[in-house]
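Could you walk me through this model in my viewer, one selection at a time? I would like to know what to click on next and what I will find there.

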Amino acid sequence: MSVDHYNSEPLILIVEDEAEIAEIIEVYLRQDGFKTLHAGDGQKGMQFFTKQKPDLVILDIRLPGQNGLDILQSIRAQGTTPVIMLTALTDDVNKLLGLRLGADDYITKPFNPSELVARVRAVLRRTIVSVQSPTSNTQVGRLSIDHNAYVASWMDDNGKNEVLPLTLTEFRILAFMARHPKRCFSRYELIEACLPESDALDRVVDSHLSKLRRKLQDAGCEGFIETVRRVGYRLWPEH
Ligand code: CA
């Protein structure tokens, strides 16, 4: 995912006064290849922010001293670094949305740390996509993806490229997975990345994937997309 777009691991700043929560977040992010930095209050958070220039900030709203909304404002005054807010109360969410301060996402406590990590990736991916000039081609085994033309093709045994007749969503899913072959993607990640506007359910992903498989099969490619039980899907080019 987005981690690979950086020269080194992206640095995530966590501004959270509850040490236990911060620690859990750090553990999960590090497992996933991110670097982390923790500040226990807003003042320290802003110091780290200015000095270390993190790639993304996870920011608790309820902090001692300056609250998270103030910090968000200070961060926004300095640029467009993505911010994910942590909120404990619906009231905070309303405030956050009402202020339109430009948080990139928010997550309510208690939350599943894996989901937070997925959100971090999704936000970074969106940010990177919007600043990078669109990249051209990805090649995974016999599959080639032209990201600009929205064309995916499969090379047959005779070396001839056959264009796969994909829908836009199927193309997005395949193109997204092709950037990281062999990595397993959860259905949640696929929804976040490829169906961001919809409230798609897991089974919607399954249905897109099964159509995608059938189309690959028709082009002569069996087993390219693997199901990883209880996790999700991955591309396995060595078929
Ligand atoms: Ca707090």
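Predicted model: local features only at pLDDT ≥ 70, side-chain atom pairs only at ≥ 80, totals over all residues.

**Stop one: the calcium ion**

Select the calcium ion and show its donors: Asp17 (OD), Asp60 (OD) and Arg62 (O) coordinate it at 2.1 to 2.4 Å. Along the chain, these donors follow the spacing D-x42-D-x1-R. Now colour aspartate 17 and arginine 62, a pair that links distant parts of the chain, 45 residues apart. You will find aspartate 17 in the loop between strand 1 (11-15) and helix 1, while arginine 62 sits in the loop between strand 3 (56-60) and helix 3 (68-77).

**Stop two: the second largest pocket**

Select Ser114, Glu115, Ala118, Arg121 and Ser186, which lie nearest the centre of the second largest pocket, among 13 lining residues. The elements giving two or more residues to this lining are helix 1 (19-31), helix 5 (113-131) and helix 7 (187-194). Highlight helix 5, the source of the largest share, with five residues.

The space in this pocket is about 250 Å³.

Finally, colour by domain: where does the second largest pocket lie? Domain 1 (3-127) and domain 2 (137-235) both contribute lining residues, so the pocket lies between them.

Definitions and conventions. Residues numbered from 1 in each chain as written. Heavy atoms only, no water. 1 Å grid on protein atoms, 1.4 Å probe; cavity = no way out; pocket = protein on both sides within 12 Å on 5 of 7 lines; lining within 4 Å. Points joined across faces, edges and corners; volume = space filled by probe spheres on them. Helix = DSSP H or I, 4+ residues; strand = E, 2+ residues; numbered from the N terminus. Domains from an automatic or database assignment. Donors = N, O, S within 2.8 Å, 3.2 Å for Na, K, Ca; no water.
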